[in-house]
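I opened the model to look up its helices, its aromatic pairs and a few backbone angles. These are my notes, in the order I worked.

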Amino acid sequence: MNEEKQHVRGLKSGNRDSFTYLYNKYCDQVYHFSELYLTAQQDVEEVVQEVFIKLWEARDRINEDENLKGFLFIVTRNLIFNHSRKSINQEFYYATVLSALEDEYNVEEEIEARNLEEYIDQLILELPPRRREIFQLSRREHKTYKEIAVLLDISEKTVENQMSEALKYLRKNIVLLLLFLS
């Protein structure tokens with residue numbers, strides 16, 4: 001049995017060390033995914049905290065043979081939608097609320113989460129080369145705008161503008177996909 005499965009079993013039995021292990025393993029991924037949609041750092045941190053609270057609360061319903069990363073992705077997505085509902089049109093909000101209210105995690109949701117993650121990766125590949133490079137330095141390598149500007153010999157304002165455009169593009173296309181799927 002792999003280490004993650006052991007910790008998921010530990011989590012199910014209320015073991016706080018197992019919870020801490022899983023938190024440390026997935027916290028950054030949840031944080032950076034949340035940053036794609038939420039601009040305020042306080043909102044991002046709140047979503048991360050809520051995701052792991054929900055993980056703890058749902059621990060007895062988690063199956064160690066299913067993909068924990070997929071579960072966390074779905075919970076994160078639903079919480080982001082709840083945080084963003086004021087800025088998202090009503091039709092989109094109603095379509096996603098049903099998903100957010102579901103108590104059970106199932107294989108169909110895991111497949112949906114994987115497909116969405118692959119779609120996001122594909123969207124990133126479709127960005128213009130320089131914008132994609134800036135986006136990846138920021139989101140995958142966790143470099144600050146200042147570090148990126150120095151590394152690429154461009155202004156911080158250019159980095160900020162490129163990131164803004166990349167995030168707009170991703171948000172627009174992900175909203176369109178989710179509207180299409182709902």
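I counted a contact wherever heavy atoms lie within 4.5 Å. The model is predicted, and I kept that in mind throughout.

**Entry 1: α2 against α3**

I began with the partners in this contact. From α2 I listed R16, F19, L22, Y23, Y26, C27, V30, Y31, S34 and E35. Facing them in α3 I found Q41, V44, E45, V47, V48, V51, F52, L55 and W56.

Next I looked up the geometry. Two packed helices are described by the angle between their axes and the distance between the axes. Here the axes of α2 and α3 cross at roughly 145 degrees and come within 9 Å. I noted the crossing of α2 and α3 as right-handed.

**Entry 2: the whole protein**

I stepped back for the overview. I found 9 helices and 0 strands in the protein. Read from the N terminus, the order is α-α-α-α-α-α-α-α-α. The protein has 182 residues, and 41% of them are buried. I also checked contacts between residues at least 6 apart in sequence: 62% of these join residues at least 24 apart.

**Entry 3: aromatic pairs**

How many aromatic pairs does a search of the whole structure find? I got 5. One of them is F19 with W56, an edge-to-face pair. Their centres are 5.5 Å apart, with 80 degrees between the planes. I called the pair edge-to-face because the angle is over 60 degrees. F19 sits in helix α2 (residues 16-35) and W56 in helix α3 (residues 41-57), so this pair links parts of the chain 37 residues apart.

Is F19 buried or exposed? I read a relative accessible area of 19% for F19, so it counts as buried, the cut-off being under 20%.

I then turned to F33 and F73. This aromatic pair is tilted, at 4.7 Å centre to centre and 55 degrees between the planes. F33 lies in helix α2 and F73 in helix α4 (residues 68-84), so the pair ties together parts 40 residues apart in sequence. I found both F33 and F73 buried.

Back at W56, I followed its neighbours. F19, Y23, F52 and W56 form one aromatic cluster. R59 lies over the face of W56, 4.0 Å from the ring centre.

**Entry 4: T20**

I picked T20, also found in helix α2. Its relative accessible area is 40%, so I logged T20 as partly exposed. I then took the C-alpha separation of T20 and H7. It is 9.2 Å, for residues 13 apart along the chain.

**Entry 5: positive phi**

Most residues other than glycine have a negative phi.

Which loop holds H142? I placed H142 between α7 (129-139) and α8 (145-152). Phi of H142 is near 55 degrees, a positive value. H142 is partly exposed, with a relative accessible area of 41%.

D153 lies in the loop between α8 and α9 (156-181). Phi of D153 is near 55 degrees, again a positive value in a residue other than glycine. With a relative accessible area of 70%, D153 is exposed.

Methods. Residues numbered from 1 in each chain as written. Predicted model: local features only at pLDDT ≥ 70, side-chain atom pairs only at ≥ 80, totals over all residues. Heavy atoms only, no water. Phe/Tyr/Trp six-rings, centres within 6.5 Å; stacked < 30°, edge-to-face > 60°. Helix = DSSP H or I, 4+ residues; strand = E, 2+ residues; numbered from the N terminus. Buried < 20%, exposed > 50% of the residue type's maximum accessible area, 1.4 Å probe, protein only. Lys NZ or Arg CZ within 6 Å of the ring centre and 35° of its normal. Axes fitted to C-alpha atoms, helices over the stretch in contact; angles between N-to-C directions. Left-handed = near helix turned anticlockwise from the far one by under 90°.
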